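Open the model in a viewer and keep the residue selection tool at hand. The stops below are meant to be taken in order.

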Amino acid sequence: MASAKKSGRSTEAPKKRFGRLLADFVAELGPQIVTESGEWVVKGFIDTDQRIYMVSSDTKLISKILEIHLLPHLFYFAKIHDYEMMLADHQNYYPDITFIEDTGVKFALDFKTSYRLPNNPEHCNGFTLGSHGEYFIDRLSTKNIQFPYSEYSGHFCLGIIYNRQEEQDAERPERYPIVEIDSIGSAIRDLELFVVEKWRIASDKRGSGNTANIGSIKHIGDMKAGKGMFHKLGEKWFDDYWVNYGKITSESDQPIKSLKDFVKYRGGDLSKVVEKHPPNRKK
């Protein structure tokens, strides 16, 4: 488990304190989930006959195993800092984890994973940051959410970015005896973990086609620094934009689906609209 020093409540704002404590804790996790050579310590699944089945690079599978891998560490974090930790009651509920102070203050935490783009390693494939549908619009709704959105004092992401390893040689076995664990290659390597409030890394585009999911920026440095498109405008602008996404029309009678057009429509300061970091693809 990552080490952390237990501390009592202070006069620091609860959201700021939670974010700071979790970010400090997560910063120490690296050596416990990767080898000295940078490979993920998870090699595969083991059965009762002590045979190891290799993990593929399928992104959904990687995401779920990473979540399982990190949960014990987060339970430890909750214990040493006096938070109650509650997992989502259902698979499709937001958030993945709810942390609750003894005062009743709640924080949402979602696992977000993505891989670096091979030809553009400063960028990743991006995150989806949750729905901008019913529970986001109606902050008292209990549909697909552990507690009403309005009850959370902060909405955080535990971001995990990694490199995918090249596909394993098709002639190599997919199952190994446990004594050969050192010969098994990891599916991913060079993991970076960080904690950030979700609004700080949001883009102004959906994250998954036509579904009502908020997309993230994709420049890794900006993600880790919390410099998304709304970071100069603030969380209220993020909420207002995504609550009204595509519902307001411009002077040309077209749905507004860009932050610049929305800020202009609202009469806001256009100089605070942060453009997405331009890709710088390697040849």
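**Stop 1**

Select N144, which counts as partly exposed at 28% relative accessibility. Here buried means under 20% relative accessible area, exposed means over 50%, and partly exposed is in between (1.4 Å probe, protein chains only). Residues are numbered from 1 along each chain as its sequence is written. The model is predicted, so local features need pLDDT of at least 70 and side-chain atom pairs count only at pLDDT 80 or more, while totals for chains, interfaces and linings use all residues; side-chain values use heavy atoms, with hydrogens and water left out.

N144 is not a glycine, yet its phi is positive, at about 60 degrees. The residue sits in the loop between α4 and β8 (152-164). Helices (H or I, at least four residues) and strands (E, at least two) are DSSP runs, numbered from the N terminus.

Now select D190. Its phi is also a positive value, near 55 degrees, in a residue other than glycine. D190 lies in strand β10 (residues 188-197), and at 30% relative accessibility D190 counts as partly exposed.

**Stop 1: a cis peptide bond**

Which residues does a cis peptide bond join? Select Y94 and P95: the bond is between these two, with omega about -10 degrees. P95 is found in the loop between β3 (84-87) and β4 (97-100).

**Stop 2: the sheet β1-β2-β9**

Select β1, β2 and β9. These three strands make an open sheet in that order, with antiparallel pairing. β1 (44-46) and β9 (175-177) are at the edges, each with a single partner strand, so one side of each has no neighbour in the sheet. Neighbouring strands here are turned by 30 degrees against each other on average, direction ignored. Axes are lines fitted to C-alpha atoms, for helices over the stretch in contact, and angles run from 0 to 180 degrees between N-to-C directions.

Two strands pair if DSSP finds at least two bridges between them. Between β1 and strand β2 (residues 51-54), which run antiparallel, there are three bridges. To see one of the bridge pairs, select F45 and its partner in β2, Y53.

**Stop 3: the sheet β7-β12-β11**

Move to another open sheet, in which three strands follow the order β7-β12-β11 and the pairing is antiparallel.

Two bridges link β7 to strand β12 (residues 213-216) in the antiparallel sense.

**Stop 5**

Contact means heavy atoms within 4.5 Å. Within α6, select F238, D239, Y241 and W242, which are buried. The buried residues of the helix pack against α4 (134-137), β11, β12 and α7 (259-266).

W237 also lies in α6, but W237 counts as partly exposed, at 21% relative accessibility. Leaving out residues up to four places away in sequence, W237 touches F230, F262, V263, R266 and G268.

Next, select N244, in the loop between α6 and α7. Is N244 buried or exposed? N244 is buried, with a relative accessible area of 18%. Its contacts, apart from neighbours within four places in sequence, are F262 and R266.

**Stop 4: the largest pocket**

Finish at the largest pocket, with a volume of about 1,100 Å³. Of its 32 lining residues, select the closest to the centre: Q91, D96, F111, K112 and T128. The elements α3 (59-80), β5 (106-117) and β7 each supply at least two residues of the lining. By class, the lining has eleven nonpolar, 15 polar and six charged residues.

Some terms for this stop:

- On a 1 Å grid over the protein atoms alone, a pocket is an open set of points where a 1.4 Å probe fits, with protein on both sides within 12 Å along at least five of seven lines; lining residues have an atom within 4 Å of a point.
- Grid points are joined across faces, edges and corners, and a volume is the space filled by probe spheres set on the points.
- Ala, Val, Leu, Ile, Met, Phe, Trp, Tyr, Cys and Pro count as nonpolar, Asp, Glu, Lys and Arg as charged, and the others, Gly among them, as polar.
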